[in-house]
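Please set out a careful report on selected local features of the structure shown below, with the cut-offs behind each term.

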Amino acid sequence: MKHFYFLSLDYFKITFLFLISFTNLSIYLQAQAEVVTAKQYLSANSTKFKLTKSDVNEASISSAYLSPTTGWYHVYLNQTYQSVEVHNSMLNLVLVDNQVQNATGNFIPSIASKVNTANLASINLSPLQALQKATSHLKLTTGGVSNVR
């Protein structure tokens, strides 16, 4: 009889862990659906935000969550250019019943056209030289920088 008790306790633990895991998975999948909806909305309304296809495609998800008080999903996007995050360039989309109800932010429209890449090809600096130029530009002391290898 003792053996049966332990078997049922183990069964209960396994069932409980499975239910917790399944619940977390379903919440994750629901959040993924909201993220897809937000990205589709942004793509469909890119002209409203004056964004290029590249601006939309390069946007990265900062966070997405369900507000426990309102039941709304909040999806936050960061603007990136060539995998580099653009400082303070974000969009916030609010979804109610899987529909975007509000979208606000400050993405830089057509960011690729605003990046001066003409001089980048001619720059040929080692990482050490780049570090030395940066410290010089910021008027920082370079004690020990020349010893970095």
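Leu91 belongs to strand β3, which spans residues 84-96; helices (H or I, at least four residues) and strands (E, at least two) are DSSP runs, numbered from the N terminus. With a relative accessible area of 4%, Leu91 is buried, where buried means under 20% relative accessible area, exposed over 50% and partly exposed in between, with a 1.4 Å probe and protein chains only.

Leaving aside residues up to four places away in sequence, Leu91 touches Leu42, Phe49, Leu51, Val75, Tyr76, Leu77, Thr104, Gly105, Asn106 and Phe107, a contact being heavy atoms within 4.5 Å. For one of these residues, Asn106, the C-alpha to C-alpha distance to Leu91 is 6.3 Å, although 15 residues separate the two in sequence.

## Basis of the model

The model is predicted, so that local features need pLDDT of at least 70 and side-chain atom pairs count only at pLDDT 80 or more, while totals for chains, interfaces and linings use all residues. Residues are numbered from 1 along each chain as its sequence is written, and side-chain values use heavy atoms, with hydrogens and water left out.

## The aromatic pair

The count of aromatic pairs comes to one, under a rule by which rings of Phe, Tyr and Trp (its six-membered ring) pair if their centres lie within 6.5 Å, planes under 30 degrees apart counting as stacked, over 60 as edge-to-face and the rest as tilted. The pair is formed by Tyr65 and Tyr76, and it is stacked because the ring centres lie 6.3 Å apart and the planes meet at 15°. This pair links distant parts of the chain, since Tyr65 is in strand β1 and Tyr76 in strand β2, 11 residues apart.

Tyr65 is partly exposed, with a relative accessible area of 37%, and Tyr76 also counts as partly exposed, at 21% relative accessibility.

## Ser67 in the loop between β1 and β2

Ser67 lies in the loop that joins β1 (60-66) and β2, and at a relative accessible area of 9% Ser67 is buried. The side chains of Ser67 and Thr69 are joined by a polar contact of 3.1 Å; such a contact is a pair of N or O atoms within 3.5 Å, where within protein one must be able to donate a hydrogen and the other to accept it, and residues adjacent in sequence count only if both atoms are side-chain atoms. Beyond four places in sequence, Ser67 touches Trp72 and His74.

## Positive phi values

Most residues other than glycine have a negative phi. Lys50, however, has a positive phi near 60°; Lys50 is found in the loop between α1 (2-44) and α2 and counts as exposed, at 60% relative accessibility.

Gln82 likewise has a positive phi, near 50°. The place of Gln82 is the loop between β2 and β3, and Gln82 is exposed, with a relative accessible area of 57%.

## The cavity

One cavity of 30 Å³ or more is counted; on a 1 Å grid over the protein atoms alone, a cavity is a set of points where a 1.4 Å probe fits but cannot get out, and lining residues have an atom within 4 Å of a point. The largest cavity holds about 30 Å³ of space, a volume being the space filled by probe spheres set on the points, with grid points joined across faces, edges and corners.

The lining consists of Thr52, Ser54, Asp55, Glu58, Thr80, Tyr81, Ile111 and Ala112, and α2 (53-57), β2 (73-81) and α3 (111-114) each supply at least two of the lining residues. By class, three lining residues are nonpolar, three polar and two charged, where Ala, Val, Leu, Ile, Met, Phe, Trp, Tyr, Cys and Pro count as nonpolar, Asp, Glu, Lys and Arg as charged, and the others, Gly among them, as polar.

Methods:
On a 1 Å grid over the protein atoms alone, a cavity is a set of points where a 1.4 Å probe fits but cannot get out, and a pocket is an open set with protein on both sides within 12 Å along at least five of seven lines; lining residues have an atom within 4 Å of a point.
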